[in-house]
Amino acid sequence: MNDAGMISEASGRTGADVLAEQLLTSGVSHIFFVDAILRDTLIKLRKAGVSTVLAHSEKAAAYMADGFARITGKPGVCMAQSVGAANLAAGLQDAWLGMHPVIAITGRKPASQLDRNAYQEIDHQKAFGAVTKYSGSISTVTDVPRVMAQAWRYAVSGTQRPVHIDVAGLMGETLEMCTPSSKQPDPVSPMQRLSLIPPLEQLKSAAREIAEARRVVIVAGTAAVSSAAGPALTEIAEFLDAPFATTTGARAISPTRHRLGIGCIGSYGNPVTNSIAHEADLVLVVGCQLSDQNTHGWRIPAAGQRIVQIDSDPHEIGRNYPNCLAVAGDPRLAIEGLLKILKESGGEPRVRDFGTRAETAMAAWRTKHRSDAMNGKNPVSVERLCAEITAALPPDGIVVADTGYSTIWSSALIEFNGAGQSYIRAAGSLGWSFPAALGAKCAAPDRPVICFTGDGAFYYHLSELETALRNDIAIVVVINNNSGFGQGAVNMRARGLAMDDVDHMAGFRRTNFAEIAKAFGVEAVRIEQPGDLASALKSALASNRLAVIDVVTDFLSRPPEAWTPPKR
């Protein structure tokens, strides 16, 4: 990549030069966009070595930037002109909910055209307000370094989340054509993520609570992933003989087949996980929002259970469980500090068989689902699909899962090594996984990426097959094709709806996505026999090309159902 100062000669520099220099100084390697936005800037960046990825929709561009951010831990950048700004804002919902840094840049009409019914102009601040933690405006060249650096600071500090920057001009052209009239503004190096050191007194108080507990369960969330707390969490779990659970977003933070690993907790959780967590005297919550989904409707933990909550954002501590003992700081540093204090004090839980009981319960659960996976069902069982992905996933592989049943199936039944492998999932936006997987592959071009999606989700952005081919983004798309919204169908049947009504409300025509993919020029295969899955996955991963595996499954397949505490 060229040095930022070498984009153009100092004389005659424009706003496009200054903006490109700032983005280069910030270390941007990829930009995901929909034309037409900042064309001169993008050309300069492309010549400097930045990959500029043109998407087919603004939401897809935002999802790509989100997937990129989740794998690199650095802000992903997406752009759209003023006309597409609201679509881009809608695409930031998942990054907001999943707590990942994305920088969205949009054009806006110049001030002289505001409040005059200018072409398709709306109030961008309102559109972006719900899904960003900062929204800045760049009107002149001198604004560029200050606003861009501020946006980076907000994106990576505290709870990481998206930010928005509005630049002057429908396509940003007003800014790009500006010539600095005074001293040329220099690029500003953006702030990197800060690891906040937890207070020693809070760590000591938490260590005393933990040492006094008879049964401890650990629950880790996505903020623990962001702080690379996995090894420390595994170590403290072993020291305490404490069963170890995660939210779906933190599924791969540690080896999922570790003897103390009990899977995912909450509404999308493993039944064993919820049951074991409900038995605990103390729940150690690490970088995890205690939302309704993560707690199965605020029932696990129960209202009376003791909780030690670690979070880098003090606002999260005690938000839903006021009885939390607080440790405010970086999750990894907090766990390392706790472990040091516990070892020095010699404190241990008084019951040492809790981990063994959890291990036995998980082993029995896995045995049952292993049997379901290998029973040779036709259509292919989703248990078999997950088992084959587990077997085929390379040691450094990435799995990107969609929301709903795609998250439940994959987070429950795909196993991870806790080291080189990664798992990221949609925080609620159906259709997110395919564009996000493309962004993940851009972030880690040498790592294999599998997108695990349903047909309902894949319909959203299948046009991005062309984007992947054009940019040579080689991922494997695995479609759990049950010809409908399976989650909706199962819930409708549970409420007593007749099958004809279910088909009408949640079913689709039987679409052969392999044939559609081939029409794009993509390598694709349709799987109808379970015995064909393993070779198809092996071949697709070995090809190092974009591939689609369309797996025919049962419309009414149901994943593991979360355990709910009995009513008192």
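**Entry 1: helix 14, buried side.** I asked which residues of helix 14 are buried, and found Phe354, Gly355, Ala358, Met362, Trp365, Arg366, His369 and Ala373. Buried here means under 20% relative accessible area, exposed means over 50%, and partly exposed lies in between (1.4 Å probe, protein chains only). These residues cover an arc of only 105 degrees around the axis, which puts them on the same side of helix 14; the arc is taken from the directions from the helix axis to the C-beta atoms. Helices (H or I, at least four residues) and strands (E, at least two) are DSSP runs, numbered from the N terminus.

A note on the source: this is a predicted model, where local features need pLDDT of at least 70, side-chain atom pairs count only at pLDDT 80 or more, and totals for chains, interfaces and linings use all residues. Residues are numbered from 1 along each chain as its sequence is written, and side-chain values use heavy atoms, with hydrogens and water left out.

**Entry 2: helix 14, partners and length.** I then looked up what the buried residues of helix 14 pack against: strand 7 (216-220), strand 9 (261-264), helix 12 (271-279), helix 15 (382-392) and helix 16 (405-413). Contact means heavy atoms within 4.5 Å.

**Entry 3: helix 14 against helix 15.** The two axes are 7 Å apart and the packing angle is about 100 degrees, so I put helix 14 and helix 15 down as roughly perpendicular to each other. Axes are lines fitted to C-alpha atoms, for helices over the stretch in contact, and angles run from 0 to 180 degrees between N-to-C directions. Under 35 degrees counts as roughly parallel, over 145 as roughly antiparallel, 65 to 115 as roughly perpendicular, and the rest as oblique. On the helix 14 side I listed His369, Asp372 and Ala373, which meet Glu383, Arg384 and Ala387 in helix 15.

**Entry 4: serine 381.** I found serine 381 in the loop between helix 14 and helix 15. Serine 381 has a relative accessible area of 6%, so it is buried. Leaving out residues up to four places away in sequence, serine 381 touches Asp372 and Ala373.
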